[in-house]
Amino acid sequence: MARPPKAPALPLIGALPASVDSAPAIMTLRARLDRYYGRVLGVLYQALGDAELASQAAEAVFLDAAALVNEIALWRATLRVIKRYVAHGLVVRPIAALANDRQASVSGALARLEPIERALLVLRYHEDLPTDVLARVLDCDDAAVRARLASARARLVDGSC
Amino acid sequence: MLKCADIAVMVSDYADGVADARARRIVEQHMQLCAVCAKQLDRSVMVTHQLRRMSLLPPGVASRTARARRQLEARARGEHRRLEEYPFYVSALLAATLVILTLATMLYFGL
C-alpha cells in the first residue's frame, strides 16, 4: 500500500481529497511518476502487448486527475484504460523471450492469456498487491478476485509446461 | 474426497501462503491422495516465482521509458502552469475593473 506522502512542492492538477484510502494521498505529479510510471507502463505493456499502445495508455492514466488520488485509484484507472483498449480491439500479444528457459516459457504462457487476466496476474504477483486491495481495485469481493486469480494462474501453469 | 476443481481456490491460496488453517489441512490431505494436484501445486509455485522475477518491459522499451516519462511530466506541468496563472489573471482583471470604475466615478462627479 502507498506510504503517506511527503509535503508536495506543487499541488496536483485537480487534486481531490483521499476518499478511498484513509492515508493522506496527495503527492506531486513528479513523485507519482517516479514511483509508479515504470510499473504502470510494465503492466500496460503486458496487458496490451505493444510498447506504443502502452505509452499512450500510460499517458491517459497519469493525465487522469482522479487516478492520482491514491494507489488504488491509479490501478483502477489502469485497468479501466486496458478495458477500453480491449473494447476497441487494440490489443496484441506481448513479445515473449525466445530463450529456452523457465522464464521464457512463463512469459510466453502469460502472453497467450487474455489481457485482463495478464494484468491481474501481474498486479497480484509482480506488483504484490494483496487480494483485498485487488478487490477494491476491481470493485468486487475478495472471494471473486481469488477465484479469478486461481483460474488465470491455472491457465498460466498449463500453458507454461 | 473433494474433487480437484472444488479446491482450486484453496490450492491457489496455499501456493501463495495465505490459506487459513482449515484450507491448509484440506489441501495437504488432498495432495497426499492426488499426484496430479501435487505436481500442479509445485508448478504453480514455480510459475509464480518466475512471474515475480520477470522483467515486464523488453530492453528496447525500458530504455525509452525515461524519455516518455519526461514528456508526460512536461505536458502535465504545462497544463498545471496554465491553471496556476489563472488566479493572477483574475486578480489583475478585478484590479483593472476597480481602477476604471474609480476613475469613471471621479470623472462623473467632476473630481
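## Close-up views of a predicted model

**View 1. The largest nonpolar core, to which L121(A) belongs.** This core has 58 residues, and those with the most contacts inside it are F62(A) and L121(A). Its largest share, 11 residues, comes from helix α1 of chain A, which covers residues 29-48. In soluble globular proteins, nonpolar side chains tend to be buried together.

**View 2. Another core, which includes residues of chain B.** C37(B) counts as buried because its relative accessibility is 12%, which is under the 20% cut-off.

**View 3. Cysteines without disulfides.** Over all chains, the structure holds zero disulfides. For C37(B), which is in no disulfide, the nearest cysteine sulfur is that of C4(B), 3.4 Å away, whereas a disulfide would need the two sulfur atoms to lie within 2.5 Å. In chain A, C140(A) has a relative accessibility of 29% and therefore counts as partly exposed.

**View 4. A nonpolar patch on the surface of chain B.** The patch is formed by V99(B), L103(B) and M106(B), which together have about 260 Å² of accessible area. M106(B) lies in helix α4 of chain B, residues 59-108, and counts as partly exposed because its relative accessibility is 36%.

Conventions. Residues numbered from 1 in each chain as written. Chains lettered and ligands numbered in written order. Predicted model: local features only at pLDDT ≥ 70, side-chain atom pairs only at ≥ 80, totals over all residues. Heavy atoms only, no water. Core = buried A, V, L, I, M, F, W, Y, C linked by side-chain atoms within 4.5 Å. Buried < 20%, exposed > 50% of the residue type's maximum accessible area, 1.4 Å probe, protein only. Helix = DSSP H or I, 4+ residues; strand = E, 2+ residues; numbered from the N terminus. Patch = residues over 30% accessible without salt bridge, like charges linked within 9 Å, V, L, I, M, F, W, Y side chains within 5 Å. Areas by Shrake-Rupley, 256 points an atom, 1.4 Å probe, with all protein chains shown as cover. Salt bridge = Lys/Arg side-chain N within 4 Å of Asp/Glu carboxyl O.
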